[in-house]
Protein chains: 2
Amino acid sequence: MAGGLRKRGGRKERLAMRAAKPLIDPCPPGQLGGRYRPLEDHELRQVFQTALDLLSHLGMGEVPARLRTDLLAAGAKQASGDRLCFPQKLVEAAIASAAKSFTFHGRDEQRSIVVGGDRVYFGTGGAAVQTLDMETGLYRPSTLADLHNFARLQDVLQNVSWFTRCCVATDVPDNFDLDVNTVYALLKNTTKPIATSFTLPEHVSPIVEMLDVAAGGRGEFAKRPFLKAHISPVISPLRYGEDAVGVVYECIRHKIPMTCITAAQAGATAPATLAGFLAQSLAETLASLVMVHAICPGFPMIFSNWPLVVDLRTGAFSGGGGETALLNAASAQLTNWLGLPSGVACSMTDAKAVDAQAGVEKGITSLAAALAGGNLIYESSGMTASLLGASFEAFVLDDEMHSLTYRTLRGIEVTEKSLAFETIRDAVLGEGHFLGCENTYQAMERDYFYPALADRDEPRTWAQNGAQDAWGRARERATDILNSHHPVYLDKEEDRYIRSRFKIL
Amino acid sequence: MAGGLRKRGGRKERLAMRAAKPLIDPCPPGQLGGRYRPLEDHELRQVFQTALDLLSHLGMGEVPARLRTDLLAAGAKQASGDRLCFPQKLVEAAIASAAKSFTFHGRDEQRSIVVGGDRVYFGTGGAAVQTLDMETGLYRPSTLADLHNFARLQDVLQNVSWFTRCCVATDVPDNFDLDVNTVYALLKNTTKPIATSFTLPEHVSPIVEMLDVAAGGRGEFAKRPFLKAHISPVISPLRYGEDAVGVVYECIRHKIPMTCITAAQAGATAPATLAGFLAQSLAETLASLVMVHAICPGFPMIFSNWPLVVDLRTGAFSGGGGETALLNAASAQLTNWLGLPSGVACSMTDAKAVDAQAGVEKGITSLAAALAGGNLIYESSGMTASLLGASFEAFVLDDEMHSLTYRTLRGIEVTEKSLAFETIRDAVLGEGHFLGCENTYQAMERDYFYPALADRDEPRTWAQNGAQDAWGRARERATDILNSHHPVYLDKEEDRYIRSRFKIL
C-alpha cells in the first residue's frame, strides 16, 4: 500500500509534509467523554435507587463519634445497633450541594486542570510496593529514590495530568517520615497538580506547613491548593474507617481537596453480580459525599467510585479484565449522570512484563473509562502487576497510549468544510488523489496524532534497526529522560527551611 | 489486597470455587454492540447526505460496460464524461432492498453466524505477505505451508468466527494455483465459515467446483454457501475496478455472499478531514451496494466500509492509531444506522513485535469498533506490521483479547436479583463479606471471564516461573496447538477428486 501512495504522492510533497511543524496538539488532555453509555437511563435510575435504599435502610456502620454527631445534625437517623441511616432527602441534599466542578491547581498554574463535566484526564494513583527495575527487568521493593525518579520522569509526560505518588517508599519505615518524604518528593520534582495519602490525621497539619513553604508563606497553600488527598473513608461493605475519617476532617480544615475512594471488590467486599456491586459501591461513595456534606457542604470531593475486580478462583485482585473496563465505565457514567466529578481507576494491568498483555489490558480498560467520561482516571500511568508494581517503561508507553485515547475521544468534527464535498470533487475530476491538496495539508497536523514510540516501519527496516520491541524503546526513552531531566522546583531557601523542620531522607 | 481476602475467604471456600465447572461461556461471540456512538444523529444525517450528494452529482467513473447497462436499467444517469450518477432514489432503493441480515454458514452448521443487527463477531481478513517466524522472531515471506498452519491454528480459537485467508502464499507464483490452493487450505483445515479473494473472474467457476465437492455434490454449495468472497469493487476515489466487478458478477451467479470492501486511505485516496473521508467512503460502499442492487436486488453483501489511515509524514498505511479506532467505529455506526450488515477493520497494529505497542493498538481499535456495533470485524486476529505481517502468537493472544471485549460488550444485567439488595443486607448484617455466598457462587463463572494466557500471578511467582512475557506464553500455546491439532476436514475421496482436478501443492 505504501508503495502505491508513494508513487502518486511524490517525494517532494512528502518531504514538505514531514518538514511542516505541528501547529497544535491534535488531542491534548481534557477531551470530552460520554459517547459510550454502558447503562441505559432506566438502569442508571435502578442502580441509583438501590443505592438510596441501601443508605436509607441499612445505612453505615462504625461511624466515628465526631462524624456521628455531624451526620445526625445533618439529618441522618439512628438505626439498629450502631448504624446510621441516610434518608433519601439527605443524600439528595448532599448531591445538590456538592462541588460539581472545581480547579485542581498545579503549583504552575499553567498545569492546573478543571475537574468535572465530561472532561477526561489521565493521572496516577497507585501505591505500588515494587518497582520494575530497568536493568534486571524484574521487580524489587520500591524506594524513596524510585519515587523521586518517577516524579521527575512524569514531569515531562504531558498526558499525566496530575501526579499522585505511584509507589510507596518501602525503605522509609516510619509512617510520618514516609508521608513527609513522599510529599517532599512531589514538591521537588514537579509543578503539576499532586496528590498523596496521609497515614494518620495528625500528619496533615505538619505537612501543610511544608506545603505552605512551597506556596510562598503561611496560609498560602489554602488559597490555591495544589495537592489533593487520596482517602478511603469507607470500608466495604458499608462501614466508615476511623483513621480515614479523621484525615477527612483535617483535610477539610486545611482546605485540601479530596479524592474519596471506594474500592470495593466484587465477590469479596461487594456482590459479585455487577449491578449489585455498582449499587453498593455507589451507596458507599455517596456515604463519603454525605459525610463531606455534613462537615462542610460543597467542599471539593472527587467522587471516586472504583469498582475493583477479584479473580474469584484465587481471591487476588485483578485489574486488567473486561469486567474492570465495563464496571469503571459504568461508574463514570453513573457519577457524571449525578453531575458529580467522577474518579475511576483504569489502565491497570495484571501483567508483570511490559508486554502485549499489558498493552491490551491497559488499552481496553482506559479507552472504556475515557469514552464513558471518567473525569479523573487514576492508576492510568506506569502501574503494572495488579497495582503491586510501578514501571518507568510503562509510564512513557502509557503516556503515548493516552494520546491514542484522546484522539479517539476528540471525535469527528462534522462541518460543511470538513465534509469536503468540493475537495472530493476536485480530486475526482482532477488528479485522482488527495496528496498535497490544501485539505490534506491543513488536516495532517491538526487532526492526526503521530506517535514517537510506536514503530510504524516496515518489517525489514525494523529488523535492520535491531528488531526492538516497545519495552526496549520505552527503556531507552525513560533512561534518556532520567538522565537529562533534573528539575528542582524548590528554591534553596525553601529547601533549607523544609530540611531544618523535617527529616528529609 | 489478596492477603486480606484470603484471610476472610478461607482456603476451603476458595478450593470449592476453583473446582466449580464453568456452567456457560460468560461472553461468547455475537455480543451486542452499539453503546458507543461516535457520531450524533444529526452528524450521521450530514455524512449520509454528503454521500448521497457525491453519488448524485459526481457519481462513479470507469464503469465496466456490462455494469453500465445494468446500472442504467436500474435508474442510474449518464453524467459528464464516462461517469454515471446515482439519484438519491436509486441509492435509497438499494438500501431498502438490501439483505439486512443473513446467515454466514460454516460447513459445520454449528459454526454458522448470523450477520446483521448489532451482533459483533471478530474474524480475519488479511493478505499478509510476510509471516512472523516463531523460531527467529523475524519476518519472512509467507508460504502455502503457513496458510495451512494458520488455518488449523485458528480452527481451535473460538473467537475467530470466520477465517479469511490471513496471508498470501507467496511461494505459489501462478494466480490460479494461488486461488485454488488458498481455498483448498481453508477447506482442509476448518469447518468454520471461510472467505477468500478471487484474482480474476474466471477463477470463480472452477473453485465453485471444488466447493461443491466439499459440500457433497454439484450445486450443493450454492444451497448453503459456506464461503464468502472479499472483493474491492471500488477504487477510491469513486471509480469501479473492472476485474473486481467481474468477480462480483461471477459470485452472484454462483450464490457466493460478498464482502464488498472500500479501503480508501485518508489524505491519499480520500480527504484527510475525517468527516469528508467518511462521506466519501460511505458513498463508495453505497456504490457497491447499488451495483449489487442493479445486478441482483437483495443479494447478501457485507457493507464493508473500512476507513484506512495513512501516516501522512511517510505515506505509509498505519492501522494502529486513535484515528483508526474512531473512523472504524464511526463507519460501523453509520452502516448499522442504515440497517445494513456492517464490516470494519480493526485490531490491526503497526507493531512488528508482539509487544506492548501491539497490545495497545489492537485493544483500543478493536474495542472501539466492537462497542460501536461492527457486525464483522475484519483483520482482528493474527495481523501485525500494518497488515503486512501475520503471526501465530498474535492469533492466540488476539483470541483471548476478544473475550475481554465481548465481556465488556455483554454489559451489566440490571434486575432486582442482580441488584442484590438482600445479599448486601445479609453480608452487612452478617459476616461482613461476600465470599462463598450464593450470589458469588452463581456469578463467578456466569459473569466473569478467566483468561488462560494472561498472567495474574504475583511478581515473585512470575519471576520464579521464568519471568515470561505474553509473546513467550503465546508461542508455547501456538506451538502446542500446531503440534496437536491436525484436522482433515476433507475425506479421502473428496481429497482424491480435488487433487485429480486441480494442482494441489
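The side chains of His105(B) and Glu109(B) are joined by a polar contact of 3.1 Å. A polar contact is a pair of N or O atoms within 3.5 Å; within protein, one must be able to donate a hydrogen and the other to accept it, and residues adjacent in sequence count only if both atoms are side-chain atoms. The model is predicted: local features need pLDDT of at least 70, side-chain atom pairs count only at pLDDT 80 or more, and totals for chains, interfaces and linings use all residues. Residues are numbered from 1 along each chain as its sequence is written, chains are lettered from A and ligands numbered from 1 in the order in which they are written, and side-chain values use heavy atoms, with hydrogens and water left out.

His105(B) lies in the loop between strand S3 (101-104) and strand S4 (113-116) of chain B. Strands (E, at least two residues) and helices (H or I, at least four) are DSSP runs, numbered from the N terminus. The relative accessible area of His105(B) is 16%, so the residue is buried; buried means under 20%, exposed over 50%, and partly exposed in between (1.4 Å probe, protein chains only). A further polar contact, of 3.4 Å, links the side chain of His105(B) to that of Arg224(B). Leaving aside residues up to four places away in sequence, His105(B) touches Ser112(B), Pro193(B), Arg224(B), Pro225(B) and Phe226(B), where contact means heavy atoms within 4.5 Å.

Next comes the interface between the chains. Here 126 residues of chain B are in contact with 127 residues of chain A. The area buried between chain B and chain A is about 10900 Å², and carbon and sulfur atoms give 69% of this area. Buried area is the accessible area (1.4 Å probe) that two parts lose on being put together, summed over both. Between chain B and chain A there are 9 salt bridges. A salt bridge is a side-chain nitrogen of Lys or Arg within 4 Å of a carboxyl oxygen of Asp or Glu. One salt bridge joins the side chains of Asp355(A) and Arg473(B) (4.0 Å, N to O). Helix H13 (residues 356-371) of chain B gives the most to the side of chain B that touches chain A, with 10 residues.

Chain A itself has 20 helices and 20 strands. The C-alpha trace of chain A spans about 80 × 55 × 45 Å along its principal axes. Of the 505 residues of chain A, 66% count as buried.
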